[in-house]
2 protein chains.
Amino acid sequence: MLTVFGTMALDTTRTPFRVEERILGGAATFASLSAGMFARTGMVAAIGEDMPLANIEAVRSKGVDTKGIVTVRGGKCFHYDSEFDYNLSSRTTLKTELNVIADFDPVIPEEYVKSEYVYLANNDPRQNMKILRHFEKPKLVVCDTIEYWIQTARDDVVKMIGKTDGVVINDSEARLLCNEVNIAKCARQIMSFGPRFAIIKKGEHGAVLFTREGEVFPAAAFFLDEISDPTGAGDSFAGGFLGHIARKDKIDFRTMKEAVIYGNVMGSFAVEDFGVRRLLAITKDDVEERYEKYRNLVQF
Amino acid sequence: MLTVFGTMALDTTRTPFRVEERILGGAATFASLSAGMFARTGMVAAIGEDMPLANIEAVRSKGVDTKGIVTVRGGKCFHYDSEFDYNLSSRTTLKTELNVIADFDPVIPEEYVKSEYVYLANNDPRQNMKILRHFEKPKLVVCDTIEYWIQTARDDVVKMIGKTDGVVINDSEARLLCNEVNIAKCARQIMSFGPRFAIIKKGEHGAVLFTREGEVFPAAAFFLDEISDPTGAGDSFAGGFLGHIARKDKIDFRTMKEAVIYGNVMGSFAVEDFGVRRLLAITKDDVEERYEKYRNLVQF
């Protein structure tokens with residue numbers, strides 16, 4: 001089993017072309033829906049009473065176990081309001097209402113305890129370390145982090161990374177964390193904190209996997225003509241990556257490379273519509289079909 | 001035969017780690033040395049009397065035909081003085097001395113007239129159109145262009161592109177030329193000017209080939225831990241791309257995809273040392289070896 005811990009949010013997302021208010025989003029939602037295409041996935045997140053039940057139903061309908069979703073009495077959902085520029089490449093935060101996630105003390109359902117695979121999304125690193133203690137003996141723990149935590153709690157971020165086996169992180173955040181421009185050097189620095197591998201995500205330019213053994217795998221992104229909403233691409237990547245590994249139940253380099261491509265594939269689906277809409281619409285066949293399409297695309 | 005038209009320059013290149021003054025550079029030098037690894041290549045460029053003979057000898061020693069290099073009496077070489085930032089990603093121009101290239105009226109040696117393949121580097125588009133008339137019936141003409149011409153002579157740039165079969169251009173310049181962010185749309189707009197294909201170069205993120213038939217080939221860059229001097233990567237790419245096509249004497253999609261990889265390979269060599277130093281040092285075996293290394297690297 002794979003457990004994902006992160007946010008289940010209501011997002012207001014504004015692009016120059018469209019505004020969508022209070023749509024289902026959040027790192028855990030994207031990652032769980034993606035991972036759920038591959039393996040049994042449970043989702044841990046705190047929500048408020050304002051979360052429409054239909055959203056939880058939608059996630060469950062895709063096979064994701066939602067027993068880990070905790071509704072905080074009288075609480076309100078994490079709400080993130082942001083606006084993209086014309087390029088859909090730079091995002092301005094208009095409002096971040098932490099609400100129920102601020103003091104969330106994560107617990108996990110009994111049946112998640114034996115999870116072999118764990119994804120800790122870009123939560124407070126202290127919350128991530130806390131939840132980690134609940135798992136019995138995971139085979140692979142992967143985390144992400146973001147600018148906010150690097151700037152306000154860098155020591156905890158480094159400590160958290162030290163408790164994981166792999167990191168999936170944006171290039172800009174890796175550079176900030178490591179105070180280093182070269183992403184290969186960033187990856188090595190991150191691995192020096194403990195993990196055996198680091199994946200540097202480069203948005204539309206794909207991702208590069210680095211392992212402690214010195215292996216490298218650069219992967220171009222799946223090529224899309226149009227994107228609707230870049231939100232959640234990174235978490236969908238992480239979900240696809242871990243999902244494939246959990247499905248194969250193997251952590252060798254070959255499987256990790258395939259997993260990076262599945263990560264790219266899931267990220268490419270996520271951005272085709274607003275919020276998690278596209279992830280809710282696709283089937284396992286769509287995923288395999290795009291994987292093959294990608295294979296043909298990059299072949300020479 | 002492949003003819004390259006561009007600059008043979010003396011470059012002063014400054015990085016935070018090293019300064020090299022008046023070293024051999026220029027678009028034609030990079031492109032010719034790269035192309036020369038694959039096919040018979042002639043170089044057309046104007047130089048001044050201050051060009052050390054040893055530089056011409058060096059280029060000739062790699063098999064490049066230098067009969068097209070014109071020494072302008074009393075003239076001085078094109079000299080470009082620039083400085084890279086700590087990331088080696090953004091470059092500041094300190095001095096551009098056009099000298100002999102300002103009013104160069106390009107002519108070509110008689111034996112270049114029958115060239116099947118022609119690369120027009122980022123010259124004045126009017127010079128590029130002028131030289132093109134000298135060729136009898138090239139099978140494939142490819143050009144590049146830069147910000148300066150897009151901003152000062154856009155109409156001529158579009159006209160020049162209309163006379164070529166393919167364009168190899170940086171992403172930022174494609175965006176500027178097309179006033180469009182999405183590079184797929186840029187490529188389609190560029191092809192609407194006339195060419196059958198467009199290659200958008202993305203620096204460390206590789207390149208994407210688009211054809212008029214709607215084919216797409218995204219290629220991650222060859223992965224390098226360290227780079228010394230990014231100068232000439234784009235022209236080395238173009239030289240490797242056209243060189244491979246000339247060697248195969250085929251212009252189908254499969255050959256173009258291989259050519260993109262050879263372009264990446266040549267670009268990756270170019271940046272490993274200052275100026276053209278690395279291109280002067282490598283052998284054909286080194287090129288094939290890196291091509292195979294790249295193939296293994298991106299395989300999954």
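## The interface between chain A and chain B

The area buried between chain A and chain B is about 2,800 Å², and carbon and sulfur atoms give 59% of that area. Buried area here is the accessible area, found with a 1.4 Å probe, that two parts lose on being put together, summed over both. The size of an interface is often given in this way, as the accessible area lost when the parts come together. Chain A brings 33 residues to the contact and chain B brings 33 residues, where contact means heavy atoms within 4.5 Å. This is a predicted model, in which local features need pLDDT of at least 70 and side-chain atom pairs count only at pLDDT 80 or more, while totals for chains, interfaces and linings use all residues. Residues are numbered from 1 along each chain as its sequence is written, chains are lettered from A and ligands numbered from 1 in the order in which they are written, and side-chain values use heavy atoms, with hydrogens and water left out.

Which charged pairs cross over? The rule finds 6 salt bridges across the interface of chain A and chain B, a salt bridge being a side-chain nitrogen of Lys or Arg within 4 Å of a carboxyl oxygen of Asp or Glu. Arg175(B), for example, forms a salt bridge with Glu204(A), and their closest N and O atoms are 3.9 Å apart. Between chain A and chain B there are also 12 residue pairs in polar contact, both residues at pLDDT 80 or more. A polar contact is a pair of N or O atoms within 3.5 Å; within protein, one must be able to donate a hydrogen and the other to accept it, and residues adjacent in sequence count only if both atoms are side-chain atoms.

## What chain A brings to the contact

Several elements of chain A each supply at least two residues of the side that touches chain B: helix H7 (183-192), strand S12 (207-211), strand S13 (216-219), helix H9 (253-270) and H11. Helices (H or I, at least four residues) and strands (E, at least two) are DSSP runs, numbered from the N terminus. H11(A) gives the largest share of this side, 6 residues. By type, the residues of the side of chain A that touches chain B divide into 18 nonpolar, 5 polar and 10 charged. In this grouping Ala, Val, Leu, Ile, Met, Phe, Trp, Tyr, Cys and Pro count as nonpolar, Asp, Glu, Lys and Arg as charged, and the others, Gly among them, as polar.

## Leu297(B), a residue that meets both chains

Leu297(B) sits in helix H11 (residues 284-298) of chain B. Leaving aside neighbours within four places in sequence, Leu297(B) is in contact with Val216(A), Phe217(A) and Pro218(A), as well as with Phe222(B) and Phe223(B). Leu297(B) and Phe222(B) are 75 residues apart in sequence, yet 8.3 Å apart in space, C-alpha to C-alpha. Is Leu297(B) buried or exposed? Leu297(B) counts as buried because its relative accessibility is 18%; buried means under 20% relative accessible area, exposed over 50%, and partly exposed in between (1.4 Å probe, protein chains only).

## Salt bridges within the chains

Over all chains, the structure holds 50 salt bridges. In chain A, Glu292(A) pairs with Arg295(A), with the closest N and O atoms 3.9 Å apart. These two are about one helical turn from each other, because they lie 3 residues apart in helix H11 (residues 284-298) of chain A. Glu292(A) is partly exposed at 38% relative accessibility, and Arg295(A) is partly exposed at 24%.

In chain B, Lys248(B) forms a salt bridge with Glu258(B), the closest N and O atoms being 3.8 Å apart. This pair links distant parts of the chain, 10 residues apart: Lys248(B) is in helix H8 (residues 233-248) and Glu258(B) in helix H9 (residues 253-270) of chain B. Lys248(B) is partly exposed, at 39% relative accessible area, whereas Glu258(B) is buried, at 8%.

Thr3(A) has its place in strand S1 (residues 2-5) of chain A and is buried, with a relative accessible area of 0%. Beyond four places in sequence, Thr3(A) touches residues including Gly42(A), Val44(A), Tyr112(A) and Phe135(A).

Arg126(B) lies in helix H3 (residues 125-132) of chain B and is partly exposed, with a relative accessible area of 40%. The side chains of Arg126(B) and Asp156(B) are joined by a polar contact of 3.5 Å.
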